[in-house]
Amino acid sequence: MPAISASAPGKIILFGEHAVVYSRPAIAVPVLQVKAKTTIVADPLAPPHSVLIDAPVIGLSSSLKDLDPDHPIRFVIQQVMQALDIVELPSVRIRLTSTIPLAAGLGSSSASSVSLARALSTFLGHPLSDESINRIAFESEKIHHGHPSGIDNTVTTYARPIFFIKNQPIEWLEVGLPMIFVISDTGQSSHTVSVVADVRRNWTAAPEKYEAWFDDIGQYAFQAKQAVKTGQLDEIGRLMTRNHELLQELDVSSPELDQLVETAICAGALGAKLSGGGRGGNSIALAQSIDQAQVIAESLKSAGAVSTLITTVPMSER
Ligand code: PMV
């Protein structure tokens, strides 16, 4: 039997992180240059039902039965088996690789779950629908994140720009003009679960203040949806920077993220903000052209970014 592979892209959140957990809208787009990939091969010479897993990016090399029952990889495999009504797996080797930086707000955990669920169900002869894959990735995000909104697994499953509201049908985002983003990495880990927990603690202590900030962030996401549709890049950039200011109020930024945002704007970006859980990870900046994106990327590197990536969100097909 030939090897079966499946992959899923990284992602950035353009608007609405954190507020999205509290049912405000958010916008996310896939980042296709980076991806998680799972490859599965039959291992006919191994003992029956031997499932060996290799995930070098997280330093994992183990048999399935030796993984902690709560391990996200084991969880995803079990969810796929359950969905397909399969009790035992044939002997296989499963290899997960990824070019998505870990703990950087770029969706690496979701993309890994999506690629694993897709590759395994295909290998077993019954490729699951995107809807089922999305549900499995969402359930596994709960292990990583506690109370995820579902935005990461949705954008990585469908690999399309989305306008997302928790527990609502997915809305595809209409893109009227291509958007060029410079993604820059602070090099610091972003631990979404603890940042989300801090925001929840602060929200519980001062609900009115936090609800008002979430409302404002949600309004920016609504306005941005329209600006993205009509290709008003200036307006998108302005809203991004305003969104970043509110993320600072929520106390999820960091001096390094603020420095990258300020540097990008000084270098001519139309707007910039942190992207994802925050307190580390990546910032994003909207550029007017590829040439300008390269200039911004150079400035960001001089200001301490450990890496930069330029990504383009193409215009929607009509
Ligand atoms: O996984 P991250 O770091 O990109 O963060 C996801 C966005 C949050 O709004 C902070 C959490 C969530 O579940 O929506």
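**Entry on Ile 143.** I looked up Ile 143 and found it partly exposed, because its relative accessible area is 36%, where buried means under 20% relative accessible area, exposed means over 50%, and partly exposed lies in between (1.4 Å probe, protein chains only). Ile 143 belongs to helix 3; helices (H or I, at least four residues) and strands (E, at least two) are DSSP runs, numbered from the N terminus. Leaving aside neighbours within four places in sequence, I found Ile 143 in contact with Asp 70, Pro 72 and Phe 75, contact meaning heavy atoms within 4.5 Å. Between Ile 143 and His 71 there are 72 residues in sequence but 8.0 Å in space, C-alpha to C-alpha.

**Entry on the source.** I noted that this is a predicted model, in which local features need pLDDT of at least 70 and side-chain atom pairs count only at pLDDT 80 or more, while totals for chains, interfaces and linings use all residues. Residues are numbered from 1 along each chain as its sequence is written, and side-chain values use heavy atoms, with hydrogens and water left out.

**Entry on helix 3.** Helix 3 has 16 residues and reaches 21 Å from its first C-alpha to its last, close to the 22 Å expected at 1.5 Å a residue; the expected span is 1.5 Å times one less than the number of residues. I listed its buried residues as Ile 133, Asn 134, Ile 136, Ala 137, Ser 140, Glu 141 and His 145. They cover an arc of only 165° around the axis, and therefore sit on the same side of helix 3, the arc being that of the directions from the helix axis to the C-beta atoms. These buried residues pack against helix 1 (72-84), helix 2 (108-123), helix 4 (151-158) and helix 5. Just after helix 3, I saw that Gly 146 takes a positive phi of about 80°.

**Entry on helix 5.** Which residues of helix 5 are buried? They are Thr 192, Val 195, Val 196 and Val 199, and because they fall within an arc of 100° when seen down the axis, they line one face of helix 5. I recalled that an α-helix has 3.6 residues a turn, so residues three or four places apart point the same way. On the other side of helix 5, Arg 201, Thr 204 and Ala 205 are exposed. The buried residues of helix 5 pack against helix 3 (130-145) and helix 6 (207-230).

**Entry on Thr 241.** I found Thr 241 in helix 7 (residues 233-249), and Thr 241 counts as buried because its relative accessibility is 18%. A polar atom of its side chain lies 3.2 Å from the backbone nitrogen of Ala 272.

Terms used. Polar contact = N/O pair within 3.5 Å; in protein donor to acceptor, adjacent residues only side chain to side chain.
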